[in-house]
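Let's work through a few exercises together. Keep the model in view and try each task before you read its solution.

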Amino acid sequence: MDFKTIVITGASSGIGEALARALAAPGRTLALLGRNIERLEAVAAACRAKGATCRVASVDQTDTARLSAILEEVGRETAIDLLIANAGILDGRSVDETVESGSAARRVLETNLLATVDLVHLVLPAMRRNGCGSIALVASLASLVPLPDAPAYSASKAGLLSYGLALRDAVAAEGIRVVVACPGFVATAMADKHLGPRPGEISAEDAAERIITGLKRNRAMIGFPFVPFWLSRLSLLVPEGIRRRGMRNTRFHVGR
Ligand SMILES: NC(=O)c1ccc[n+]([C@@H]2O[C@H](COP(=O)([O-])OP(=O)(O)OC[C@H]3O[C@@H](n4cnc5c(N)ncnc54)[C@H](OP(=O)(O)O)[C@@H]3O)[C@@H](O)[C@H]2O)c1
């Protein structure tokens with residue numbers, strides 16, 4: 001399956017930037033979204049150098065009205081055939097907290113989960129009319145392994161995984177593909193905020209390549225690296241006390 005018009009959120013850095021660079025090719029149009037316009041322009045310049053047509057837009061993804069206007073403009077020229085909903089934030093407890101604040105928790109859930117669901121609904125009607133299209137949601141291994149140091153982040157990603165797998169079944173018969181990526185640790189600006197052990201960390205380029213391969217194979221869940229992904233899945237089957245003991249050495253706090 002080839003993708004001609006691709007929207008990537010969170011394209012200004014990390015995994016989103018690496019996805020944009022990897023997908024940039026002649027004949028492709030990339031719409032790169034994020035808040036930092038200078039970084040988006042730099043990514044777009046690199047993608048144009050590889051032959052892609054690029055447009056950039058600065059938008060906070062919780063601003064659904066603005067996001068809607070941007071996507072309408074992108075979709076007016078050619079149908080969006082791939083949405084990569086990648087933008088997200090990590091927050092959790094800081095070094096002197098036991099648990100994150102209520103406002104931090106709400107911000108994480110609004111950005112990572114609710115705004116992503118809104119985003120999906122902005123592209124879904126046209127995909128359903130056209131009877132084709134792909135959506136990739138970037139969740140996390142935290143969707144399988146609740147992190148005591150970042151409860152809202154864990155919930156946002158678990159919600160995204162559940163939402164994506166459910167949506168996949170709901171729209172498959174209409175020709176729309178939905179996949180959920182569950183990366184482990186990836187060396188990005190977000191990872192720099194995670195102050196604690198990050199076993200098995202891979203580069204953003206490696207993560208992007210694995211997501212693109214999974215997308216092309218239409219894999220429901222694109223989990224990686226292999227061992228942490230399967231340990232995370234299996235951890236849901238063991239008694240809760242054993243699972244928690246296994247998590248003892250993974251504690252962290254969030255840097256501000
Ligand atoms: N790094 C990891 O270890 C890891 C592991 C598992 C899953 N993930 C997931 O991978 C995705 C990408 O993260 P990353 O590691 O590449 O981190 P990153 O380098 O910090 O990138 C996050 C991206 O999201 C954008 N973003 C954040 N809040 C936004 C908002 N309110 N509106 C619009 N854009 C927003 C940022 O753009 P601006 O700064 O320009 O707004 C940036 O482009 C996230 O969903 C994250 O949860 C990461």
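**Exercise 1.** Which helices each supply at least two residues of the shell around the ligand?

*Solution.* Before we start, note that this is a predicted model: local features need pLDDT of at least 70, side-chain atom pairs count only at pLDDT 80 or more, and totals for chains, interfaces and linings use all residues. Residues are numbered from 1 along each chain as its sequence is written. Helices are DSSP runs of H or I with at least four residues, strands are E runs of at least two, and both are numbered from the N terminus. The helices we want are H1 (14–23) and H6 (189–193). In total, 27 residues surround the ligand, with Gly10, Gly14, Gly34, Arg35 and Gly88 the closest; a residue is near a molecule if its C-beta atom, placed from the backbone, lies within 6 Å of it.

**Exercise 2.** Find out why H1 is described as largely enclosed by the rest of the structure.

*Solution.* First, the term: a buried residue has 20 or more other C-beta atoms within 10 Å of its own, an exposed one 12 or fewer, and a partly exposed one lies in between, with C-beta atoms placed from the backbone. Next, eight of the ten residues of H1 are buried, so H1 is largely enclosed. Gly14, Glu17 and Leu23 are among the buried ones.

**Exercise 3.** In which sense do strands E2 and E3 pair?

*Solution.* Strands pair if DSSP finds at least two bridges between them. E2 (residues 29–34) and E3 (residues 53–58) pair in the parallel sense, over six bridges. As a landmark, look for threonine 29 opposite threonine 53 in E3.
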